[in-house]
Amino acid sequence: MLDHGILGVVDRQVRTWSAGDAEVYAEAVGGLSPAFAIPLLQHGGPQLGLTGADMTQVLHAEQSLWLHKPLPADGSALVTKTVEHIYDKGSGALVVSRWESEHATTRSSCFVKGDGGFGGERGETRKFGVPDTDPEVGFFRTSEDQALLYRETGDVNPMHHDPEFARRAGFPRPILHGLCTLGITLRDKDFTELHARFTAPVLPGDELRVEHWPTGEFRTSVDDRQVLIGWVRLSEVDLGGHPPRSGA
């Protein structure tokens, strides 16, 4: 069972990166975007630190990012991680963690199946949606080794490379990192803030249908099955005359 003693735990580490790390990320997702800051701050993956949890029952649920200033091509930063909340969702526990640095802040929510029902607060549910207007549509065929490419960014979760582990988790084979799908979806976009929810798994080799709206909303699907939905606060250079979406 998940150890609730992790709530409020603070960890500080210095992260160092180079232009080569950005190149590895770009190769893994097909291009660069500010989302590169997420694996940089959350090095090792969002699932790390969930003491006591059955890791075959842990799924990445949501991801947010706030960019405070552009990342230099190379550098280092002190990153402070805090486990902020453990919510009781009934069928599972939702663990919310935040990583903060001078360059960016990122927040991940991990759902631990079977660890709910402990009587805690349920927490708010963020609403996501897309406009009724036609989006810009693109396609990206993931490769069979896409998860292995993304693993090179530092995410060590065996769900994405160990066939036996993936089978015990209920998948036919290793699945693609949600953050890889997010990186592909947002490649070559310029933004200062993002919020996203992972809604279904992606298998390496799947073709992604990626939809973007000029107000910042996005949605990614596989065979008409939504796998990702969210929105970004577009930078001025990427707005093209359209007002940014409001909200946080």
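A: β1 (10-17), α2 (37-41) and β3 (75-88) each give at least two residues to the lining of the second largest cavity. Helices (H or I, at least four residues) and strands (E, at least two) are DSSP runs, numbered from the N terminus. A cavity is a set of points on a 1 Å grid over the protein atoms alone where a 1.4 Å probe fits but cannot get out, and lining residues have an atom within 4 Å of a point.

Q: Before we go on, what should I know about the model and the numbering?

A: This is a predicted model: local features need pLDDT of at least 70, side-chain atom pairs count only at pLDDT 80 or more, and totals for chains, interfaces and linings use all residues. Residues are numbered from 1 along each chain as its sequence is written, and side-chain values use heavy atoms, with hydrogens and water left out.

Q: Which residues line the second largest cavity?

A: R15, W17, L40, L41, L71, A77, V79, S101 and H103. By class, that lining has 6 nonpolar, 2 polar and 1 charged residues. Ala, Val, Leu, Ile, Met, Phe, Trp, Tyr, Cys and Pro count as nonpolar, Asp, Glu, Lys and Arg as charged, and the others, Gly among them, as polar.

Q: What volume does the second largest cavity have?

A: About 30 Å³. A volume here is the space filled by probe spheres set on the grid points, which are joined across faces, edges and corners. The whole structure has 2 cavities of 30 Å³ or more.

Q: And what lines the largest cavity?

A: P39, Q42, H43, G44, G45, Y150, T153, G154, D155 and L179. Its lining splits into 3 nonpolar, 6 polar and 1 charged. The volume of the largest cavity is about 40 Å³.

Q: Now the open spaces. What is the volume of the largest pocket?

A: About 900 Å³. A pocket is an open set of grid points with protein on both sides within 12 Å along at least five of seven lines.

Q: Which residues are closest to the centre of the largest pocket?

A: Of the 42 lining residues, H60, A61, E62, S109 and F198 are the closest to the centre. β2 (58-67) gives the most to this lining, with 7 residues. The classes are 19 nonpolar, 14 polar and 9 charged.

Q: How about the second largest pocket, what is its volume?

A: About 300 Å³. It has 19 lining residues, and S33, P34, L67, P70 and L71 are the closest to its centre. Its lining divides into 12 nonpolar, 5 polar and 2 charged.

Q: Switching to the fold. What is the strand order in the sheet?

A: It is an open sheet of 10 strands with antiparallel pairing, in the order β1-β3-β4-β5-β2-β7-β10-β9-β8-β6. Two strands pair if DSSP finds at least two bridges between them. The edge strands, β1 and β6 (136-141), each pair on one side only.

Q: How many bridges join β6 to β8?

A: 6, and the two strands run antiparallel. R141 faces E207 in β8 across that pairing.

Q: And what are the contacts of β4 in the sheet?

A: β3 and β4 pair antiparallel over 8 bridges, and Y87 stands opposite L94 in β4. These two strands form a hairpin with 3 residues between them, and G90 in the turn has a positive phi of about 85 degrees. On to β5: 9 bridges join β4 to β5, again antiparallel. That pair also forms a hairpin with 3 residues between its strands.

Q: Is β4 buried or exposed?

A: 8 of the 9 residues of β4 are buried, so β4 is largely enclosed by the rest of the structure. Buried means under 20% relative accessible area, exposed over 50%, partly exposed in between (1.4 Å probe, protein chains only).

Q: What about helix α5, buried or exposed?

A: 7 of the 8 residues of α5 (residues 178-185) are buried, so this helix is largely enclosed too. L179 and C180 are among the buried ones.

Q: Last topic. Where does D188 sit?

A: D188 is in the loop between α5 and β7 (191-198). Its phi is near 65 degrees, a positive value in a residue other than glycine. D188 counts as exposed, at 59% relative accessibility.

Q: And D224, where is that found?

A: D224 is in the loop between β9 (217-222) and β10 (225-234). Phi of D224 is near 65 degrees, also positive. At 77% relative accessibility, D224 counts as exposed.
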